[in-house]
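Open the model in a viewer and keep the selection tool at hand. Each stop below says what to select and what is there.

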Amino acid sequence: MSNIPQVVLQKLKDLDPDATFSGSLPRVYASSGATYYVKLGSSGEAAQYTGEALSLKLMNTAAPGLAPRLLSSGILENSTPYFISEYKEIGTLSYRAAEILAKRMATELHSKDHASSEGFGFSIPTYCGVTKLSNGWFSSWDECFASMIGDLLSQLESRGRYQHLCKKGHLVKTDGNAGVDKKTGQPVIFDPASYYGHNEADLSIARIFGGFPSEFFDIYHQYRPKSSPVEQYDLRMDLYELFHYLNHTLIFGGHYAGSAERKMDNLLAAF
């Protein structure tokens, strides 16, 4: 007997009408040979599913195949959000895949050809981990990023913790998951929380958590040089890394608060 809910089976049949299905969520096998990645959420997760679905759709428009292809998503009659994409067996990012990823990010995903006519930001809320990002549209990147940092600081303040960090953060305020498709050897970006912003901000989390060879950044900047003023590149990275340290403070607490404060101190000392 299938472990796949009937409402999901119907959505899969809409995609692959002549197939029968086996397996269990999130990996579903079709007799046609296709494998699907299927998620079901709770009614409270609807915005998170919607944000991830739109992020994947826009990323695949900019850089086809760089992220799993979204096939179907929406809200079921019982208010449950669902999400179906192609399934990719993802492994650790290899050196060769990192080289390809660097070039594709620089020339496709971050191409000015894919800039939004709305400005900077994103049309709907997204989630960075479990943290809701309110988003919205802004006429400048400065305004957009200040709002992103301010959003995190406000969430920290609302919890009544890290008050010294929040106070210092407001002074500063004046935003990756990647692996390799085991089948093709090509790089894959997954679990995105997209926004239209400064391309260098997208590199910051790779600097924090590793998994990317140093050559990744060299290759990226061969195709997309560092922004001016080049001498402030490392300071900009401190600022962009601060976003992720604040988010991890919000989610996990602990030593991430100290890392965030050190980034703030570096920035305040520079200006």
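Select Ile90 and then Asp181 in β11, which stands opposite Ile90. The model is a predicted one.

The 3 strands form an open sheet in the order β6-β11-β12, with antiparallel pairing. Its edge strands are β6 (90-91) and β12 (187-189), each of which pairs on one side only.

Next, select helix α3, residues 95-109. It lies across β11 and β12 and runs at about 55° to β12. From first C-alpha to last, the 15 residues of α3 reach 20 Å, close to the 21 Å expected at 1.5 Å a residue. Which residues of α3 are buried? They are Ala97, Ala98, Ile100, Leu101, Ala102, Arg104, Met105, Ala106 and Leu109. Show α2 (46-62) and α7 (214-223) as well: the buried residues of α3 pack against both of these, and against β11 and β12.

Move to strand β2, residues 27-30. Val28 and Ala30 make up its covered face, Arg27 and Tyr29 its uncovered one.

Select strand β1, residues 21-24, beside β2. These strands pair in the antiparallel sense over 4 bridges, and Gly23 stands opposite Val28 in β2. A hairpin through 2 residues joins β1 to β2.

Last, select strand β3, residues 35-40, which runs antiparallel to β2 and is joined to β2 by 3 bridges. Here Thr35 in β3 is the bridge partner of Tyr29. The hairpin formed by β2 and β3 has 4 residues between the strands, and Gly33 in the turn has a positive phi of about 105°.

Definitions and conventions:
Residues numbered from 1 in each chain as written. Predicted model: local features only at pLDDT ≥ 70, side-chain atom pairs only at ≥ 80, totals over all residues. Heavy atoms only, no water. Pairing = 2+ DSSP bridges. Contact = heavy atoms within 4.5 Å. Axes fitted to C-alpha atoms, helices over the stretch in contact; angles between N-to-C directions. Expected span 1.5 Å × (residues − 1). Buried < 20%, exposed > 50% of the residue type's maximum accessible area, 1.4 Å probe, protein only.
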